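Subject: Structure handover

Hi,

Here is the structure for you to take over. My notes on what I found follow below it.

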Amino acid sequence: MPTFSSPTVRRKRLAAELRSLRSRTGQTADQVGRALGWSKAKVSRYELARSGLKPADVARLLDFYGVQGAQREQLLALAEEATLKGWWEAYSDGLTEGYLAFIGLEAEATSILEWQLNVVPGLLQSERYALEVMSGYQEVAAVSPMAIQRRVETRLIRQQLLTRDEPLELVTVLDESILYRQRGDRSVMLGQLQRLAEVSELPNVTIRILPLNRHHGLAVGSFAILRFSRPDETTLHDVVSLEGLVNESYVEGDTDTHQFRLAFDHLAEDSLSPQESRDLISTIARQVWA
């Protein structure tokens, strides 16, 4: 099983810690920069995680802020970890920059809330279903069979997040139409719905179906809310991922991400219970695709 620690999130955590340390001193980024012989922009880039944080520079900042002992060791370790590469970098030749960034965020998320209108979420896809989804991009872009296969491989590796020692908590709401929308032949759909029913039994996975025959007024496209909250670590703001045709886009502002959380709660309230959803998935698998 690959290591799922993410340099992307480590940089974000370290940046948040550095912002907090400076705030406690009451100094501006300009003042800190002048004291260290740096520009204000360099301090700001570090505090916003917009550039790599060199461990030696982090050590200088910690000296300046007077950080010692266990906290210093923890932050220096975080700085070293932020220089490493995630397993997904080995697939960078066939993945978009936005998708690589998403995998990096997903790797250290503690929970994900996902609403899907069009397709089974990647973490829940069977290999054959994933291949059909990935192959569909050949209709709008020149994607080689090898590139498609590597994308499927990354999807299957990502799914190990659900069964690692400290598994990711996944709560997903699926539009019922996904269960009927055929991708591949009937056996592909049967296998995919069977996988949904099976994985919904995991204690860290909740699948709810938004039924077609129930009134629902909120119209919103697919999105995923990634949440980060680990004991003894800086809590990061939620990140909302919006999947486009060729790349990912992100929403990170607290007010905006809160609106997506309200939307997700509303979708979940209008959905079937987890057990009712599991029963519906199994019924459709048997009656439509078997």
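**The sheet**

The open sheet has six strands, ordered β3-β2-β1-β4-β5-β6, with mixed pairing. Its edges are β3 (205-210) and β6 (248-251). Each has a single partner strand, so one side of each lacks a neighbour in the sheet. On average, neighbouring strands of this sheet are turned by 15° against each other, direction ignored. Please keep in mind that this is a predicted model.

Strand β1 (residues 111-116) runs antiparallel to β4, and five bridges join them. Here Trp 115 sits opposite Phe 223 of β4. On β4's link to β5, there are four bridges, again antiparallel. Phe 228 has Leu 236 in β5 as its bridge partner. Then β5 (residues 236-243) pairs with β6, antiparallel, through four bridges. Ser 241 faces Tyr 250 of β6 there.

How many of the six residues of β4 are buried? Five are, so the strand counts as mostly covered.

**Overall numbers**

The protein has 11 helices and six strands. Its C-alpha trace spans about 70 × 40 × 35 Å along the principal axes. It has 290 residues, and 47% of them are buried. Take the contacts between residues at least 6 apart in sequence: 74% of them join residues at least 24 apart.

**Nonpolar cores**

The largest nonpolar core holds 48 residues. Which of them touch the most other members? Leu 124 and Ile 207 do. Leaving out residues up to four places away in sequence, Leu 124 touches Gln 159, Leu 162, Leu 170, Thr 172, Gln 192, Arg 195, Leu 196, Val 199, Val 205 and Ile 207. Another core, of 18 residues, lies apart from the largest one. Leu 36, Tyr 65, Val 67 and Leu 75 are among its members.

**Helix α4**

Helix α4 covers residues 55-65. Its buried residues are Asp 57, Val 58, Ala 59, Leu 61, Leu 62 and Tyr 65. What covers them? The cover includes α1 (7-25), α2 (29-36), α3 (40-47) and α5 (69-81). Just after α4 comes Gly 66, with a positive phi of about 70°.

**Salt bridges**

There are 14 salt bridges in the structure.

- Arg 158 and Glu 106: the closest N and O atoms are 2.7 Å apart. This pair links distant parts of the chain, 52 residues apart. Arg 158 lies in helix α8 (residues 145-158), Glu 106 in helix α6 (residues 97-108). Buried or exposed? Both residues are buried.
- Arg 227 and Asp 238: their side chains meet at 3.2 Å, N to O. Arg 227 is in strand β4 (residues 223-228) and Asp 238 in strand β5, so the pair ties together parts that are 11 residues apart in sequence. Asp 238 has a relative accessible area of 15%, and buried means under 20%, so Asp 238 counts as buried. Arg 227 is at 28% relative accessibility and counts as partly exposed.
- Arg 261 and Asp 265: the N to O distance is 3.1 Å. Both residues lie in helix α10 (residues 254-269), four residues apart, about one turn of the helix. In an α-helix, residues three or four places apart point the same way, because there are 3.6 residues a turn. Arg 261 is partly exposed at 25% relative accessibility. Asp 265 is partly exposed too, at 28%.

**Where to start**

For a first pass, open the pair Arg 158 and Glu 106, which are both buried. Then go to Leu 124 and its contacts, which include Leu 162 and Val 205. After that, trace β4 between its antiparallel partners β1 and β5.

Best wishes

Terms used:
Residues are numbered from 1 along each chain as its sequence is written. This is a predicted model: local features need pLDDT of at least 70, side-chain atom pairs count only at pLDDT 80 or more; totals for chains, interfaces and linings use all residues. Side-chain values use heavy atoms; hydrogens and water are left out. Two strands pair if DSSP finds at least two bridges between them. Helices (H or I, at least four residues) and strands (E, at least two) are DSSP runs, numbered from the N terminus. Axes are lines fitted to C-alpha atoms, for helices over the stretch in contact, and angles run from 0 to 180 degrees between N-to-C directions. A nonpolar core is a set of buried Ala, Val, Leu, Ile, Met, Phe, Trp, Tyr and Cys residues joined through side-chain atoms within 4.5 Å. Buried means under 20% relative accessible area, exposed over 50%, partly exposed in between (1.4 Å probe, protein chains only). Contact means heavy atoms within 4.5 Å. A salt bridge is a side-chain nitrogen of Lys or Arg within 4 Å of a carboxyl oxygen of Asp or Glu.
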